Amino acid sequence: MGAWRARAWLFGLAGVLVLFDQLTKQLAVNHLAGAEPVRLLGGAVYLTYTTNTGAAFNLGSSYTWVFPIVAFAVMAWISVMAVRLRSGAWALALGLVLGGAVGNLFDRLFREPGPFRGAVVDMVSVFAPDGSVWPVFNLADSVLVVGVILAIWLELTGRRRDGTRAGAEGQS
């Protein structure tokens, strides 16, 4: 895959994910805030409205201002990595990470109580309506986790961002 095409996939995917993430969050605000949780799949999944000023498991809720800084650092790192990107798999992984990071960054910047302190909207709970089994999450959280797992797998299997494979230089 060429560099231009890989970058287009990365940034295009991230943009679509941010759009869908913000759309689902606005739907949650409009339809789930103040309402009873919606039970789906026999109680395996619930749609419920909550906000989170911390990270997963509400960790770091006293340090909300740190998360936007981390998101900006991730955005910068991915932008630097994109310069030499020629791998479709890496474009997918980095696009997922970027889309998730930016989706939650928008909440941190533009939701109450204000810039760098905003609470992230979460709405998906598994196995319990209150997040007691697993933390309530959103689309951005999901794609971010999947992207990180994919990136770790690509790294561990020797796939490089330029499309080559580690250890394959002298092989025919």
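Me: Let a pocket be an open set of points on a 1 Å grid over the protein atoms alone, where a 1.4 Å probe fits, with protein on both sides within 12 Å along at least five of seven lines. What volume does the largest pocket have?

Reply: The largest pocket comes to about 860 Å³, taking volume as the space filled by probe spheres set on points joined across faces, edges and corners. This is a predicted model, in which local features need pLDDT of at least 70 and side-chain atom pairs count only at pLDDT 80 or more, while totals for chains, interfaces and linings use all residues. Residues are numbered from 1 along each chain as its sequence is written, and side-chain values use heavy atoms, with hydrogens and water left out.

Me: Which residues sit closest to its centre?

Reply: N52, A55, A56, N104 and D141 are the closest to the centre, out of 34 lining residues, that is, residues with an atom within 4 Å of a point. Two or more lining residues come from each of β2, α2, α3, β3 and α4, these being DSSP runs numbered from the N terminus (helices H or I of at least four residues, strands E of at least two).

Me: And what classes make up that lining?

Reply: The lining of the largest pocket has 20 nonpolar, ten polar and four charged residues, where Ala, Val, Leu, Ile, Met, Phe, Trp, Tyr, Cys and Pro count as nonpolar, Asp, Glu, Lys and Arg as charged, and the others, Gly among them, as polar.

Me: What about the second largest pocket, which residues line it?

Reply: That pocket has a volume of about 170 Å³, and its lining consists of V80, M81, R84, E155, G158, R159, R160, R161, D162 and A166. By class, these divide into six charged, three nonpolar and one polar.

Me: Switching to the backbone, where is the cis peptide bond?

Reply: The cis bond joins E112 and P113, with omega at about 15°, and P113 belongs to the loop between α3 and β3 (120-126).

Me: Which residue in that loop has a positive phi?

Reply: F116, in the loop between α3 and β3, has a phi of about 70° although it is not a glycine. Most residues other than glycine have a negative phi, and most peptide bonds are trans.

Me: Is F116 buried, exposed or partly exposed?

Reply: F116 counts as partly exposed because its relative accessibility is 32%, between the cut-offs for buried (under 20%) and exposed (over 50%), with a 1.4 Å probe and protein chains only. L41, whose phi is also positive, near 55°, lies in the loop between β1 (38-40) and β2 (45-52) and is exposed, with a relative accessible area of 69%.

Me: Why does S87 count as buried?

Reply: S87 counts as buried because its relative accessibility is 10%, and S87 is found in the loop between α2 (66-82) and α3 (88-110).
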